[in-house]
Amino acid sequence: MSQGFLGFADNPDWQQAAQDDVQIADVVFNLPLERPYSYVVPDQLRGMLRAGQRVTAPLGRSNRAVTGYCVGVRQSDTQTRRLKPILELLDAEPLIDEAMLELTQWIGQRYLCGWGQVLDSIIPAGVRRRSGTREIRCFELAEDAESRLQSTRLNRQQQAIVDILRSSQQPVAATSLCEEAGCGPGPLSTLQKKGLILPLRMRTEVSGEDTGGPIRKEADLTLNPQQRQALNTILKPIREGVSETLLLHGVTGSGKTEVYIQAIREVVSYGRQAIVLVPEISLTPQTIRRFRSRFKSVAVLHSHMSDADRHWHWQQIAAGRVEVIVGARSAVFAPTPHPGLIVIDEEHEPTFKQDSTPRYHAREVAHQRCQAHGIPLILGSATPTLEAWLRAQRGIYRLVSMPHRVEGRPLPPVVIVDTRNDPRVSRGSSIGRAMQQAIMRALKEKGQVILFLNLRGYSPVVWCRSCGEGVKCGQCDITLTLHRDRNVVVCHSCDFEAEPPQTCPGCGSPAIRFLGTGTQRLDEEVRHLFPQARVLRMDSDSMKRPGSHDEALSSFRRGEVDILLGTQMIAKGLDFPNVTLVGVVDADTMLRQPDLRAAERTFQLIAQVAGRTGRGERAGRVLVQTTVPDDPAVRYASEHDYIGFAGHELAERHDALAPPFSAVARVIFRGPDDQRTRETAIAVAERLRAGRTEETQDVRILGAAPAPILRLRNYWRYHLQICGATSEKVRQLWESVEQSLTLPEDVELAVDVDPMNAR
Ligand code: ADP
Ligand code: ZN
Ligand code: ZN
């Protein structure tokens, strides 16, 4: 399976290298180990091996050859006889540069995972595998060919081949030589046998093209005074070449994107590149067109690219041929040679946190990268995270405010509808009377309607009336959701599917009920209530096919749909001028989540969906249905009062010593055996409590306790939380204990620093 660029696995000489002047390579593997391993660089690889290249090296007692990343090469004169040698060098060139190496090391430390795990995750598989390239056989003239040719007789075809190679500066592919000389492979092997030409294996370049084709370039808009002021504040650190984080707090429709674009224009004029991170869901043709129409070369990185495409873009970006990179979370690692600015749009989106190892937050990584390069970072949002807001309050970030929408458009009035006594809702409908009338009026006035509900499926609760229990997934601790369109019940955690149960699996009673409303049921109700309206549902079930998301939005924009209903998918950064009504069908579902950030998410979602109306000439309005009309998150959102909400919520978090006033790391244990998993979690919690020193004595350990989802895909799950005043303290305690932990074979552990969900 050797894919080796150069291999020395069976070279007996390596012990020789371990004498006086030796080169040592530090190598990290895709393992949760924090320190690199040292190896001797064999003579044959001296001068070739550099940091950022992959190698294979023997690991562990068995000396199994494992692929790792070289993170440094150094000279050593100390005794190194005990070190093992590097076996193979896998890459001709480093995959990433020094700055990126340092960044990945920082991520490993900050997020308590292995450096090698970070490298393995951020370097796309397509880049590692050189996807889209092929190995081809080439020939070049031997060095002494000219002198020897004097005394050698060649036939016509052989002469033709030599002539082609003479006139070419580079090696030529065997196939082209045969084609141009009009011969088969015979003459090539004759020339090779005579030692006149030498064979080589070379890789073709990866090829690709800009998708989307040519696009009409558009001029920059003339900024209004609010935008101009924001831009000037942003240009200051850009022009001075200093690193600064700016929090651009601008209401929905205040024209933040135009400010980013003009800031990027400045950076590009210095020959530098800009990276714009957006939530995956916002990578719509509309967003892409906005950037493509303003810049010469824009690369768009999204999650469904082929390996070859990703490789090609990576090379283009690394070669400095791309001015602006627009992409989701992982684009923060785009290998720009001279980054000049990073923008994170919709900074509050939870998708900027990765929920598998390495569990980094793009905001923190971007901040670190910007510091290293001495360049600014812009965080833009109408509803910043409280983390960002607190830092702005403390002067760590510079706050830039855009409180008004462009062209003096008003923010839409938000009406809170108390559904506790609504006659329709009491009868089981999800659209209450006020909402029904508002939709009717909007349709009559030829406006478009957006209805938001963050539960998909038909009925989110399958419930037994006899024993009063929810009917759960066989593998998870999760109540099943009925999907009526396919007549199945689905687990939204593991995708388990089954026919709807006729009887309760617990008590055998036939009294099964399907409760609650998901988007499918809402869809049905809306079509029934407004039979003339054209209705489109958008959720991850109805939008499975690639491209369907964009198609749906385009048809809504063209006015072919009157009512668009769906989940979070419809709440993001979309700009539809004809939307005159936005309905939040059930604000309570978000508020009731057992999550530290439930209130923050509720506020954000209401504010974001409200932002989808009143964006054109026509005024719009928003209706929010709830049974808790006095809840602060709902109240402040209805008043468009982010600052009021942030003040209120920060006070609550402060009293609870919760983030952002503290740092949390969550340690999750999982295993097939309930008792062993629980006992391991409890033992680790005890070790942490006992391991506190003078410095870390005020670090609190919460748990171990069952995780909110106790069973997931047949694994039992327990967790504990380490809470400290700063992330350094949390790290200090964890690292001091982690070193000496030995887990049972079948219990795995994952650490989530700054967790964003508490599943
Ligand atoms: P945000 O990102 O803050 O929600 P956008 O950047 O999407 O706002 O801008 C909202 C709308 O206003 C867009 O259609 C945009 O083209 C338009 N717009 C932005 N700035 C200006 C301006 N200076 N003059 C006219 N229209 C503008
Ligand atoms: Zn039952
Ligand atoms: Zn399940």
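A residue counts as buried under 20% relative accessible area, as exposed over 50%, and as partly exposed in between. In the predicted model described here, Ala434 has a relative accessibility of 32% and therefore counts as partly exposed. Ala434 is found in helix H16, which spans residues 433-444. Its C-alpha atom lies 17 Å from that of Gln448, a residue 14 positions away in sequence.

His373 belongs to helix H13, formed by residues 362-373. With a relative accessible area of 29%, His373 is partly exposed. The C-alpha atoms of His373 and Val425 are separated by 56 Å, and the two residues stand 52 residues apart along the chain. Ile512, in contrast, is buried, at a relative accessible area of 9%. Ile512 is part of strand E23.

The zinc ion (ligand 2) is coordinated through the SG atoms of Cys464, Cys467, Cys504 and Cys507, at 2.3 to 2.4 Å. Along the chain, these donors follow the spacing C-x2-C-x36-C-x2-C. Cys464 lies in strand E19 (residues 461-464), whereas Cys507 lies in the loop between strand E22 (497-498) and strand E23 (512-515), so this pair ties together parts that are 43 residues apart in sequence. Four donors count as tetrahedral if all angles lie between 85 and 135 degrees. The 4 donor atoms around the zinc ion (ligand 2) subtend angles of 103 to 119°, and the arrangement is therefore tetrahedral. Cys464 has a relative accessible area of 0% and is buried, while Cys507, at 40%, is partly exposed.

Ligand 1 is surrounded by 18 residues, and the closest of these are Thr222, Gln227, Gly253, Lys256 and Arg290. The shell around ligand 1 is made up of 4 nonpolar, 8 polar and 6 charged residues. Helix H10, which covers residues 256-269, gives the most to this shell, with 3 residues. Contacts to oxygen atoms of ligand 1 involve both backbone and side-chain atoms. For Ser254, a backbone N or O atom lies 3.2 Å from an oxygen atom of ligand 1. A backbone N or O atom of Thr257 likewise lies 3.2 Å from an oxygen atom of ligand 1. From the side chain of Arg290, a polar atom lies 2.8 Å from an oxygen atom of the ligand. On its own, ligand 1 has 560 Å² of accessible area, and the protein covers 78% of that area.

The backbone was also examined for cis peptide bonds. One of them joins Pro659 and Pro660, with omega of about 10°. Pro660 is found in the loop that runs between helix H22 (642-655) and strand E28 (663-671). Another cis peptide bond leads from Gly703 to Ala704, where omega is near 15°. Ala704 is found in strand E29, formed by residues 700-712.

Positive phi values in residues other than glycine were considered next. Asn63, which is not a glycine, has a positive phi of about 55°. Asn63 is placed in the loop between strand E4 (54-59) and strand E5 (64-76). At 41% relative accessibility, Asn63 counts as partly exposed. For Asn487, phi is near 50°, a positive value in a residue other than glycine. Asn487 is found in the loop between strand E20 (481-483) and strand E21 (488-490). The relative accessible area of Asn487 is 47%, which makes this residue partly exposed.

Key
Residues numbered from 1 in each chain as written. Chains lettered and ligands numbered in written order. Predicted model: local features only at pLDDT ≥ 70, side-chain atom pairs only at ≥ 80, totals over all residues. Heavy atoms only, no water. Donors = N, O, S within 2.8 Å, 3.2 Å for Na, K, Ca; no water. Tetrahedral: all angles 85-135°; square planar, octahedral: opposite > 155°, others 65-115°. Helix = DSSP H or I, 4+ residues; strand = E, 2+ residues; numbered from the N terminus. Buried < 20%, exposed > 50% of the residue type's maximum accessible area, 1.4 Å probe, protein only. Near = heavy atom within 4 Å. Polar contact = N/O pair within 3.5 Å; in protein donor to acceptor, adjacent residues only side chain to side chain. Areas by Shrake-Rupley, 256 points an atom, 1.4 Å probe, with all protein chains shown as cover. Nonpolar A, V, L, I, M, F, W, Y, C, P; charged D, E, K, R; others polar.
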